[in-house]
Amino acid sequence: MEKYGVNQLREMFLSFFETKGHLRLPSFSLIPQNDASLLLINSGMAPMKPYFKGEQEPPRHRVCTCQKCIRTGDIENIGKTARHGTYFEMLGNFSFGDYFKHEAIAWSWEFLTSPEWVGLEADRLYPSVYESDDEAWNIWHDEIGIPAEKIFRFGKEDNFWEHGSGPCGPCSEIYYDRGEKYGCGKPTCGVGCDCDRFMEVWNNVFTQFESDGHHNYTELKQKNIDTGMGLERLAVVVQNVDTVFDIDTMKAIRDKICEIAGVEYETDADKDVSIRLITDHIRSVTFMTSDGIIPSNEGRGYVLRRLLRRAARHGRLLGIEGLFLAKLAKTVIDESKDGYPELAEKEEYILKVITTEEEKFNKTIDQGLAILADMEDELVKSGSKTLSGENVFKLYDTYGFPVDLTTEILEEKGFSVDEEGFKKAMEVQKQTARNA
């Protein structure tokens, strides 16, 4: 199997589905259009909701994309684990009332195993289906020729996609066996285990029902396919590396951080956390900025500010002095402009926004850290474990420390913050501003 780069894999996927009559669309913006339910686009299908619901006519009934996505639900795990990230790319092929299970399953198998395409070893792949989806099981067994003992039936938690009310349906996933060295060693270890041995690389979602949000399902007139595959995950398997932080495009950013900081990866566990966190966050920050999001204290702008300031602080932990985030953003742009030409077009603007925000934070970060250190000393003297809301507010208001940054720094040392007190102090300031 050839070790394709991330940019090659993205292009291969989109080209493959073009040969199957799909219209290739560019990635939608990270800013959702006419969708108040999302702050940021978090999946390949999110921008397609109007087509799935039949509210809008799609440009074609077969479409494929590679979608930029941001998820911040696991932000406290970023850097600490090898599998969490805030920014990722989701490869997707979609059918709006056109083809269904037979084609979706056959094409996923062809793309992954055919020597003309990715060329993964078929004997290391294991499909799963929803426990009662005999149709999908039969397609895998009778049409693709997978032995019965290699097809797994899983329950709702694993193999049924639904999100509140609306279109939903069973899934069929494909797992890749990365080998024993990634296993947990338990006798029960197998497909569906939480360890890193069996990695899910493909998810075919068969949206065939409408849910009322109370577990009542009716058949949809228009049956759809929503396929998702994380590009970075696929690259881990194809490049045969340990984690997403080792794939070619992310390793380039990681190496740049090490060069600027004068440190070596995998020699100090704490430094590795900072290296991974900055690698992840600078990707999010660069792509968000290219889509027109600017740092602010609310909504998307707050997510951007929070990620940028966390990255800047972890640069300090690595011993980096002065501005460095724009240099890393330049690496992100160079690595990803093949798939996202808008990065190169907006390069000057992106670097300016990032530099301005980093400069703002740098002016106050040292002062703020010194004040926080004094506050920590006071906590130790008084025997308290919680920083008062007033002090949290002072750090926020005067030194630009987002609450979660203060919380994060304190938690590393076993302290917590009075969030309620902070909210009250915030409210008092707003009221004062209104009155003024």
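How exposed is C189, buried, partly exposed or exposed? C189 is partly exposed, at a relative accessible area of 21%. Here, buried means under 20% relative accessible area, exposed means over 50%, and partly exposed is in between (1.4 Å probe, protein chains only).

A quick word before the views. This is a predicted model, in which local features need pLDDT of at least 70 and side-chain atom pairs count only at pLDDT 80 or more, while totals for chains, interfaces and linings use all residues. Residues are numbered from 1 along each chain as its sequence is written, and side-chain values use heavy atoms, with hydrogens and water left out.

**View 1. Cysteines without a disulfide.**
The structure holds zero disulfides, a disulfide being a pair of cysteine sulfur atoms within 2.5 Å. Take C189: its nearest cysteine sulfur belongs to C195 and sits 3.6 Å away, and C189 is in no disulfide. For C66, the closest cysteine sulfur is that of C69, at 8.3 Å, which is too far for a bond. C66 counts as buried, with 4% relative accessibility.

**View 2. R197 meets D177.**
A salt bridge joins R197 and D177, with the closest N and O atoms 2.8 Å apart. The term stands for a side-chain nitrogen of Lys or Arg within 4 Å of a carboxyl oxygen of Asp or Glu, and the structure holds 33 of these salt bridges. R197 sits in the loop between strand 7 (166-177) and strand 8 (198-211), while D177 is in strand 7, so the pair links distant parts of the chain, 20 residues apart. Helices (H or I, at least four residues) and strands (E, at least two) are DSSP runs, numbered from the N terminus. Both R197 and D177 are buried.

**View 3. A helical turn in helix 7.**
Now look at D255 and K251, whose salt bridge has its closest N and O atoms 2.8 Å apart. They are four residues apart in helix 7 (residues 248-261), so about one helical turn separates them. D255 is partly exposed at 33% relative accessible area, and K251 is partly exposed too, at 34%.

**View 4. Helix 14 tied to helix 9.**
E408 and R310 bring their side chains together in a salt bridge, 2.5 Å from N to O. Because E408 lies in helix 14 and R310 in helix 9 (residues 299-317), the pair ties together parts that are 98 residues apart in sequence. Both E408 and R310 are buried.

**View 5. A negative patch that includes E411.**
D74, E76, E411 and E419 form a negative surface patch. To be in a patch, residues need over 30% relative accessible area and no salt bridge, and like charges are joined within 9 Å. Asp and Glu count as negative, and the place of a charge is taken as CG of Asp or CD of Glu. E411 lies in helix 14 (residues 403-411) and counts as exposed, at 53% relative accessibility.

**View 6. Two pairs, from sequence to space.**
P115 is found in the loop between helix 3 (101-113) and strand 4 (125-130), and is exposed at 76% relative accessible area. From P115 to E2 there are 113 residues in sequence and 9.3 Å in space, C-alpha to C-alpha. K327, in helix 10 (residues 325-336), is partly exposed at 47%. K327 and N224 are 103 residues apart in sequence and 43 Å apart in space, again C-alpha to C-alpha.

Note on methods:
Patch = residues over 30% accessible without salt bridge, like charges linked within 9 Å, V, L, I, M, F, W, Y side chains within 5 Å. Areas by Shrake-Rupley, 256 points an atom, 1.4 Å probe, with all protein chains shown as cover.
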